[in-house]
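Subject: Structure handover

Hello,

Please find below the structure I said I would pass on.

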Amino acid sequence: MSEPHEEWSAQEPAPDFADKVMGQIDAEARVPLARAQGSYGRLVAGLAAGVALAAGVALAVTWHGGGAPSRGEAVAAARTQVAMGGRAVAVLERGAHVAWNGDEVEQTAGDVFYRVEPGGAFRVHTGAGDVAVLGTCFRVRLVGSEGSDAGMNGRDLKAGVIGAAVAAAAIVSVYEGKVAVSHAHESVTLTAGETGRTDSSGVHRASGAGGATGAGAEGAGVAANEDPLVAANANLADSVREYKNRLEAIEAQKTAAEKQLADAQKKLETAMNDGHAPIAKNEYDLSQDDWKDLAKNGRVVARMACPTPDQWNVSPKALDALGLPPSDAQPIHDALQQSAGRIWATVRPLCIQALGGDAAVADKLGAGTCQQLVHEVAKQSEDTGEETREVAEIRAGILPMPSNPKALGMYGTMLYEMSGESKAIEQQLTQSLGPAAAHDFVYGDQGNWCNSSFGAGPRPQLPQ
Amino acid sequence: MAIAMKGPEGERAPAGGPPAELDRATLLRCKAHDRQAFRAFVVRYERPVFACLSRMLGRGPHVEDLAQEVFLRAYRAMPTFDLDGAAKPSTWLLTIATRAALDARKRRVIPIRPLEDASHVAHGSTPETERAQRELGRAIDRASEALPDEQRAALVLAEYHGFSIAEIAVAMGIPEATAKTRTFRARERMRALLGDEWRAR
């Protein structure tokens, strides 16, 4: 096979592209719980609602970048929820103690429910054995040598003594997915609904966590009726199921209410439109509130006239579709021509500046190429991301227009001009076509438009 | 565990042609949302993604916007990516990019105009060959603009990213027979528009 045509140019990424992507990822990670999805995600969120966050919890964490701490330690004085790195959430019951570093967790005391998003291996190490998972919901409860809970008492908590309780056994209950419980060279895989116990005698499969399965047949299993802890776990599983059912019922009610609301809104809009069905809003038809939403995400969008004259003409068919007479082709042509002229009047001096003062070359390149050139040159000397955010904020009314236009920078100046063009064209056409037809034309599909979208992402958060 | 990297930035893949894939250990860490590993993933695959998007949509700031979206989608979906599956990481990622590009076209978030004067120039080329390459680059840009979006996407994947017909079908969500027809018609049209300049393959 011959080599492909390398002459077909490909755009190169900016040197800081990877940093921009990681910045966006960090920004997303700052709202980890909002992204909890699925019934178990909702369950954890539901449990969190009843959690006394930081109620006497001793917490030492280390953040690496944004998001939940990738390393830390927590001792719970009350039920406490802790996010561990980007993929695990743990709910610690009173007296539980965990320390985590990435996907490795050391649980030295108490009862902890874990929700782990799918990914690489996530391990919980206990004195009685280890639990390895790839993504699941499970619970690890440590019990002492006398059968009592190996949690911490008030004195231990007050003194901050870690490791005061020595776990003789770990009870592992699985609610979703599967986990491997190991001790020394022995390992047992537990699936959803199963419970296992690991202690000095080895790892044993017990009965179902949710009552879905019977006692395990393998190994020296512990029958449900022989172990009160298994019964306790079954009770917990019942509670989990009940929470889940309640949440699903609430979800169903919410969906029905949302549908009723949407229907009512639709009826209202229809009534306000004299019985005509409302027209879906175009993505470039932006109110100040829409701009505020864009500003939050550091985004600017623009609909404008294209630079080439043949795109300023609108066909008789398009005019007919808009309900306009053929004579309206001329004012539309003029409005688009003037829009292209305004853009060029802004871009040309910037392009000349980018070319070191060579106006002849700028004129030869034309508006389209000059726009790209201004962007490329601005990237070398300006913070184009920040300029994008500022333009969005000015359009949103959050920031005033700077008194010195140069304060926006080359790129920002160009974006500001482009992003105002659709409203300028609409305003001009209102004079000749009337407001409704002007709006329908500018934000409809009948014209030849050049649309652009510029995204810088949210402004990076400064460290607290 | 060390991440296989060349320097602090990791190794960049070439813009065209199938790149050497990132090592398995780093990919495993990416699946676990390891930040450093995913940064290496971005550095490794950013050039093919930019190449794919800019050839499908034309050059401009929209390419970077969309490339960011592609990597964000990949980050979110990474835990579900099957390392032992049939798709290579680059094929998987370029499938995400292709769908994002076609979706952007449908939503009419299109470029202002492709950058016309930005051809690759090989090292050691003479001014004459450089000029000829630029002219050919412009001619290819113009010819590719004449292709329907789906044909252009199929052509870019087949010619520049080494996708098989089956992989194009998966990437574009179409039957293999359709993928084959689109690729064939795109090549035919490029030959018709460019004549001998578009090499027979």
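This is a predicted model: local features need pLDDT of at least 70, side-chain atom pairs count only at pLDDT 80 or more; totals for chains, interfaces and linings use all residues.

Salt bridges

Over all chains, a search of the whole structure gives 24 salt bridges. I describe a few of them here.

One joins R139(A) and D111(A), with an N to O distance of 2.0 Å. The two residues come from distant parts of the chain, 28 residues apart: R139(A) sits in strand β10 (residues 136–143) of chain A, and D111(A) in strand β7 (residues 111–116) of chain A. Are these two buried or exposed? R139(A) has 10% relative accessibility and so counts as buried. D111(A) is buried as well, because its relative accessible area is 8%, and the cut-off for buried is under 20%.

Another salt bridge links D16(A) with K20(A), where the closest N and O atoms are 4.0 Å apart. D16(A) counts as partly exposed because its relative accessibility is 35%. K20(A), at 26%, also counts as partly exposed.

In chain B, D34(B) and R29(B) form a salt bridge, and their closest N and O atoms are 2.5 Å apart.

Strands

In chain A, strand β5 (residues 97–101) and strand β6 (residues 104–109) run antiparallel and pair over five bridges. Within this pairing, A99(A) lies opposite E106(A) of β6(A). The two strands form a hairpin with two residues between them, and G102(A) in that hairpin has a positive phi near 65°.

Which other strand does β6(A) pair with in the parallel sense? The partner is strand β8 (residues 122–126) of chain A, and the pairing has three bridges. V105(A) has V124(A) in β8(A) as its bridge partner. As background, side chains in a regular strand alternate between the two faces of the sheet.

A helix

Helix α7 of chain A covers residues 329–354, which is 26 residues. From first C-alpha to last, α7(A) reaches 36 Å, close to the 38 Å expected at 1.5 Å a residue. Where is the kink in α7(A)? It lies at V347(A), shortly before the proline P349(A), and amounts to about 25°. Just after the helix, G356(A) takes a positive phi of about 75°.

Regards

Terms used: Residues are numbered from 1 along each chain as its sequence is written. Chains are lettered from A and ligands numbered from 1 in the order in which they are written. Side-chain values use heavy atoms; hydrogens and water are left out. A salt bridge is a side-chain nitrogen of Lys or Arg within 4 Å of a carboxyl oxygen of Asp or Glu. Buried means under 20% relative accessible area, exposed over 50%, partly exposed in between (1.4 Å probe, protein chains only). Helices (H or I, at least four residues) and strands (E, at least two) are DSSP runs, numbered from the N terminus. Two strands pair if DSSP finds at least two bridges between them. The expected span of a helix is 1.5 Å times one less than its number of residues. The bend at a residue is the angle between axes fitted to the seven residues ending there and the seven starting there.
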